[in-house]
Structure formats: structure tokens, C-alpha cells
Amino acid sequence: MAAKQAIGHRVCRLVLVRHAIAEGDGRFQGQRDVPLTAEGRRQLGELARKLSRYPIRAVYSSDLCRARATAEAAAGELGAKIEMRSGLREMHFGCWQGMSWRQIARRYPRLSALWIKRFPQQQIPSAERFDQFVRRVRREIRNLIAVNQGLCVLAVTHAGVIRVALARALGMHVRNLFRLALDPCAVNVIDYFEDGALVRGVNG
């Protein structure tokens, strides 16, 4: 086992994990509450191994069941309790939820073309506004950092949430979010200081 990394007193190390493979993987699941697949459950042992190198002191999770099941497996290995945070939920994709991109493009050809062209300004009917989603995620991360100074903490969440966090830390414009690939059970690590952030790992 690799030696656990120490962190500075004023640093909050946030370990962001995307949930394991869930039913309908690859679709715009958004806030649909879908369970893990059998393959996803098999990923959990490897996730525990990857997390063992970090001195994790607290575990937070989106309250959607695919994230919650992933967090429960990790917390069990770490001997930690989980705090559920609805602010860590994926974006709500409105009428696109549960659909593949092929289905969306076929059913909403004009809207899907506009969404690609105008992202992130183009809205999806009945969906969470993208700017509101970004503000929600950034606010939630600020809250986690504020109460965990000097600690390493785990947040089990969703691809969109992690992309927003990484983009902010890297100084990327949100229109480039989808240039960041995030695999199920991928580990991403950001150190937060008083004057900025340092990305230590992406999609590990």
C-alpha cells in the first residue's frame, strides 16, 4: 500500500469520485435515480484500493442512489460516516433525462444542434439552467472547503459536478467542460489553498 500523503494545515484536499457504472451509462441521466449495474458493483473493490493512499477524514455524497451506493462502499472501507448533500447532484436535464444523444438528436434535431452551437447558453426545456447548476456546484464546494481546512475529504458525485470543479481550478471556461473525460469510479484530486487551487490528479 502506498504511504498516505500528508497535507498542509491550511489546505483542504478534496478527492472527487464519480459514481460507479450505473444503469443507462452513457445517457443523459441527470437526476434520474438509477442503481449501479453488476459491473459497477464490481468496480467498488478497486475504488477502495485507489482511495487507500489518501488520509480521508470525512465522506460526502450526492443523495442519488448511484452515488450513495458508491460512497457507502468507500465509507465502509474507510470506517467513516457519510453526509448526504443534495448540492452534489448532477444537473437536471429536463426532457432529455434518460435519453441517449442519438435519441435526443432524432427527437429534438433543431434544439440539439443549437445546444452544441450555443453551449452553455442554450437552455433545455424543463431543465436546470446551466449557470444555476454551476453556481450550485461552486457554492457546495466552497462549503465543503470551509469546514474541512487541513483535512482530506472524499466527495462521491457525478461527471458534471466534477467537471465544474476541475474547470474552476484549472481556469477553464465552462464551454470546454466536455473536453474533460471522466470515467465511472475515476478519482480526481484538488488541493484548495486560501489563494487558489492545485489539481493533483484527474481521472485516476
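Reader: Which element gives the most to the lining of the largest pocket?

Author: This is a predicted model, in which local features need pLDDT of at least 70 and side-chain atom pairs count only at pLDDT 80 or more, while totals for chains, interfaces and linings use all residues. Residues are numbered from 1 along each chain as its sequence is written, and side-chain values use heavy atoms, leaving out hydrogens and water. Rolling a probe the size of a water molecule over the atoms shows where empty space is left. Here α6 contributes the most to the lining, with four residues; helices are DSSP runs of H or I, at least four residues, and strands are runs of E, at least two, numbered from the N terminus.

Reader: Which residues are the closest to the centre of the largest pocket?

Author: Of the 28 lining residues, they are Arg-27, Glu-90, Ala-159, Arg-163 and Phe-178.

Reader: Which residues of the largest nonpolar core touch the most other members?

Author: In soluble globular proteins, nonpolar side chains tend to be buried together. A nonpolar core joins buried Ala, Val, Leu, Ile, Met, Phe, Trp, Tyr and Cys residues through side-chain atoms within 4.5 Å, buried being under 20% relative accessible area, exposed over 50% and partly exposed in between, with a 1.4 Å probe and protein chains only. Among the 39 members here, Leu-14, Leu-16, Trp-96, Phe-130, Phe-133, Ile-141 and Tyr-192 touch the most others.

Reader: Where is the kink in α1 centred?

Author: The kink, of about 30°, is centred on Gly-45; a bend is the angle between axes fitted to the seven residues ending at a residue and the seven starting there. In α1, Leu-44 and Leu-47 are among the buried residues.

How values were computed. On a 1 Å grid over the protein atoms alone, a cavity is a set of points where a 1.4 Å probe fits but cannot get out, and a pocket is an open set with protein on both sides within 12 Å along at least five of seven lines; lining residues have an atom within 4 Å of a point.
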